[in-house]
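Good morning, everyone. Please have a look at the sequence and the model on the screen, and then I will walk you through some parts of the fold.

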Amino acid sequence: MKRLLILLIVPFFAFVAIHKYYISVTQIDYIQNKQSVQITTRIFIDDLEKLLRERYDETITLASVNEPSTTDLYIERYLNEKIKIKINNKEASLSFIGKEYDVDLVKCYLEIEGVKEIESFEISNEVLFDLYSDQQNIIKTKINSQQKSVILIPQNRSALLKFN
């Protein structure tokens with residue numbers, strides 16, 4: 001009887017210890033012939049929804065038919081506050097193109113236009129750092145046919161990548 005009880009209880013405690021990971025992934029591609037830096041940021045819907053509720057509107061529900069029309073404005077404002085980019089030591093201006101939902105993710109599309117060349121690329125990505133102390137933001141770049149990746153955490157919020 002005791003063995004049966006142990007066999008039933010042990011698996012329960014194994015699942016209680018599961019820890020949720022807080023991660024976003026940002027893909028940055030430089031399209032030289034379009035002089036454009038195209039950025040796709042993938043964030044878990046529930047994490048972004050929680051943040052938007054705390055910061056802007058506690059009634060927001062993402063990926064629903066009742067999603068407020070102000071949602072894109074809030075996402076754009078937040079991303080422009082939390083993602084900063086310098087190209088060749090000059091601050092770049094991000095344009096929010098839009099978003100789409102993909103299962104449990106929201107993909108946010110941003111663009112920087114008029115980029116003739118990239119020798120250095122500095123990025124600061126603080127997305128969700130104000131919500132989760134263990135948030136990690138993975139940055140993947142493809143610039144000048146070179147692929148580089150970094151992981152940003154609250155203690156290391158920015159990275160400088162060289163493409164000479």
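**A strand residue to start**

Ser124 is found in strand S7, residues 120-125. Helices (H or I, at least four residues) and strands (E, at least two) are DSSP runs, numbered from the N terminus. Before I go on, this is a predicted model, with residues numbered from 1 along each chain as its sequence is written. Local features need pLDDT of at least 70, side-chain atom pairs count only at pLDDT 80 or more, totals for chains, interfaces and linings use all residues, and side-chain values use heavy atoms, with hydrogens and water left out.

Back to Ser124. Is Ser124 buried or exposed? Ser124 is buried, because its relative accessible area is 14%. Buried means under 20% relative accessible area, exposed over 50%, partly exposed in between (1.4 Å probe, protein chains only). The side chain of Ser124 reaches the backbone oxygen of Arg157 at 3.5 Å. Ser124 also touches Lys82, Ile83, Lys84, Arg157 and Ser158, leaving out residues up to four places away in sequence. Contact here means heavy atoms within 4.5 Å.

**The whole chain**

Now step back. The chain has three helices and 10 strands. Read along the sequence, the pattern is α-β-β-α-α-β-β-β-β-β-β-β-β. There are 164 residues, and 39% of them count as buried. Take the contacts between residues at least 6 apart in sequence: 59% of them join residues at least 24 apart.

**The core**

Which residues have the most contacts inside the largest nonpolar core? They are Val37, Leu79, Ile85, Ile87, Ile112, Ile118 and Phe121, and that core has 42 residues. A nonpolar core is a set of buried Ala, Val, Leu, Ile, Met, Phe, Trp, Tyr and Cys residues joined through side-chain atoms within 4.5 Å.

Look at Phe121. Not counting residues up to four places away in sequence, Phe121 touches a list of residues, including Ile28, Val37, Ile85, Ile143, Leu161 and Phe163.

Leu161 is in strand S10, residues 158-162. Leu161 counts as buried because its relative accessible area is 9%. Leu161 and Ser120 are 41 residues apart in sequence, but 5.7 Å apart in space, C-alpha to C-alpha. Setting aside residues up to four places away in sequence, the contacts of Leu161 are Glu119, Ser120, Phe121, Thr141, Lys148 and Val150.

The charged end of Lys148 sits over the ring of Phe163, 4.6 Å from its centre. For that label, NZ of Lys or CZ of Arg must be within 6 Å of the ring centre and within 35 degrees of the ring normal.

**Helix H2**

Helix H2 covers residues 45-55, and its buried residues are Ile45, Asp47, Leu48, Glu49, Leu51 and Leu52. What covers them? The cover includes strand S2 (36-44), helix H3 (71-82), strand S5 (95-102) and strand S6 (105-113).

**Rings in pairs**

How many aromatic pairs does a search of the whole structure find? It finds two. Tyr22 and Tyr132 form a stacked pair, 3.7 Å centre to centre, with 15° between the planes. Tyr22 is in the loop between helix H1 (2-16) and strand S1 (23-31), Tyr132 is in the loop between S7 and strand S8 (136-143), and the two are 110 residues apart. Both Tyr22 and Tyr132 are buried.

Tyr56 and Tyr74 form a stacked pair too, at 4.8 Å centre to centre and 5° between the planes. Rings of Phe, Tyr and Trp (its six-membered ring) pair if their centres lie within 6.5 Å; planes under 30 degrees apart count as stacked, over 60 as edge-to-face and the rest as tilted. Tyr56 counts as partly exposed because its relative accessibility is 21%. Tyr74 is buried, at 14%.

**Two loop residues**

Thr59 is found in the loop between H2 and H3. With a relative accessible area of 55%, Thr59 is exposed. A polar contact of 2.6 Å joins the side chains of Thr59 and Asp57. A polar contact is a pair of N or O atoms within 3.5 Å; within protein, one must be able to donate a hydrogen and the other to accept it, and residues adjacent in sequence count only if both atoms are side-chain atoms.

Gln135 sits in the loop between S7 and S8. Gln135 counts as buried, at 1% relative accessibility. Its side chain makes a polar contact of 2.8 Å with the side chain of Asn137.
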